[in-house]
Amino acid sequence: MDANGNAIKDPTTFVAAVGDVIGITNLSTQAKAGTADYAYAAPTIRGYKVSSANDVTVSQTAANNTITIKYTALPYQESIIQTDTPALWSNNSVITSYWSVDQDNPLGSGTSVANSIMDTSLVRSGYSYYVTDQKGSSYATMSSAAAAASVNAWDSTSNSAGVQSDAAPQSWTVKYVPDYQGAYLYTRDYSYVNGSYSATTSSGTYKDAVGGKTGGAINFGTTDSNLPKSGYTYTVTGPDNITYSNLSSAVAANSFDNTDNKVAGVQASSDTSYQYFTVNYTPATQTTSLVVDSNSPVKAGSVLASSLGRQVRRFHCHIRMLHCQQLVIHTW
């Protein structure tokens, strides 16, 4: 029976001799005293804890030969696996949670936490992780955290029996540590030949480098104020293969990537796949003009010829010389 007298398990019967004293181990009075002829263990019923039982002296009156074992419903308890980096779990801080009324079993037994959360499912590229338990102890893996006997047991907070609600759930926290990542800044010059631009070298020239953590902001020591070069304009190509008008917009649109930079599972201080930013310098447009001075028979300041070209382009002009003749007018 439960505490309210409701049957929670079908009764069973057995044959005993008249006069035998029969009880329930550690519950009924004579079984506790050790004077019962036969003592039986109370059945285990999931979600309940045995609380009391009577014992009987078998008589020829069947109605008197009844042992009633009473159980108290156990409250639900909750266990949670959470993370300190929700962005790696679709912005959810809770990875999974479990409810149980079977607090006599270990916290991680059966279909519970230890067997359902495999360490392989916790791996995220560009990160290492460790696990802390509800007491603050740290473990290298989820399996070792769940196997810790000192904390691998359901708690006994006073939740409402039969109601799936826990004001103080037990939790493990998966904490992620970002790997080291690196980024390079290069420059490359272009020339203007036969109506198109072409790089003067096949590879760029090293300018700057910076290190950081997976997902972190990239901040070079070099800024846009350091990049202008007389006679040239520039754009910046980011690791995303997009060309930006300046370096600040290129680094703002990119962050350190999540390449896995570990050696034998241990974080390394180098990057197997650096990110590259390239500053592309192209010749600026230049204009030349040929003008005449005030002594010219052509209107002073007039432009005789002009040329539009790129930096380091030779200017050619052709001047047509005008010869002056004297005209004499006689009057009479």
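Asp189 pairs with Lys229 in a salt bridge, and their closest N and O atoms sit 3.0 Å apart. Asp189 is in strand β11 and Lys229 is in the loop between β13 (205-213) and β14 (232-237), so this pair ties together parts that are 40 residues apart in sequence. A salt bridge here means a side-chain nitrogen of Lys or Arg within 4 Å of a carboxyl oxygen of Asp or Glu. Helices (H or I, at least four residues) and strands (E, at least two) are DSSP runs, numbered from the N terminus.

A quick note on the source: this is a predicted model, where local features need pLDDT of at least 70 and side-chain atom pairs count only at pLDDT 80 or more, while totals for chains, interfaces and linings use all residues. Residues are numbered from 1 along each chain as its sequence is written, and side-chain values use heavy atoms, with hydrogens and water left out.

**Salt bridges**

Searching the whole structure turns up three salt bridges. Side chains of opposite charge can pair when their charged atoms come close.

| Salt bridge | N to O distance |
|---|---|
| Asp189 and Lys229 | 3.0 Å |
| Asp179 and Lys262 | 3.0 Å |
| Asp260 and Lys262 | 2.7 Å |

Which residues do shared partners join into one network? They are Asp179, Asp260 and Lys262. Asp179, in the loop between β10 (170-178) and β11 (180-193), and Lys262, in strand β16 (residues 262-263), are 83 residues apart, so to speak a link between distant parts of the chain. How covered are these residues? Buried means under 20% relative accessible area, exposed over 50%, and partly exposed in between (1.4 Å probe, protein chains only). Asp179 is buried, at 0%, whereas Lys262 is partly exposed at 24%. Asp260 also counts as partly exposed, at 43%. In the other pair, Asp189 comes out at 27% and Lys229 at 32%.

The largest pocket has a volume of about 830 Å³. Its lining has 25 residues, and the closest to the centre are Pro11, Thr12, Ile67, Thr68 and Ile69. Strands β1 and β5 (69-73) each supply at least two lining residues. By class, the lining has 18 nonpolar, five polar and two charged residues. For the classes, Ala, Val, Leu, Ile, Met, Phe, Trp, Tyr, Cys and Pro count as nonpolar, Asp, Glu, Lys and Arg as charged, and the others, Gly among them, as polar. A pocket is an open set of points on a 1 Å grid over the protein atoms alone, where a 1.4 Å probe fits, with protein on both sides within 12 Å along at least five of seven lines; lining residues have an atom within 4 Å of a point. The volume is the space filled by probe spheres set on the points, which are joined across faces, edges and corners.

**Surface patch**

On the surface, Phe14, Tyr38 and Tyr40 form a nonpolar patch with about 320 Å² of accessible area together. Patch residues have over 30% relative accessible area and no salt bridge, and nonpolar side chains (Val, Leu, Ile, Met, Phe, Trp, Tyr) are joined within 5 Å. Areas come from the Shrake-Rupley method with a 1.4 Å probe. Phe14 lies in the segment before β1 (21-24) and is partly exposed, at 47%.

**Backbone**

Asn26 has a positive phi of about 65 degrees although it is not a glycine. Asn26 sits in the loop between β1 and α1 (29-33) and is exposed, at 61%. Asn91 has a positive phi of about 65 degrees too; Asn91 is in the loop between β6 (77-83) and β7 (94-100) and is exposed, at 63%.

Definitions and conventions:
Patches are made of residues with over 30% relative accessible area and no salt bridge: like charges are joined within 9 Å, nonpolar side chains (Val, Leu, Ile, Met, Phe, Trp, Tyr) within 5 Å.
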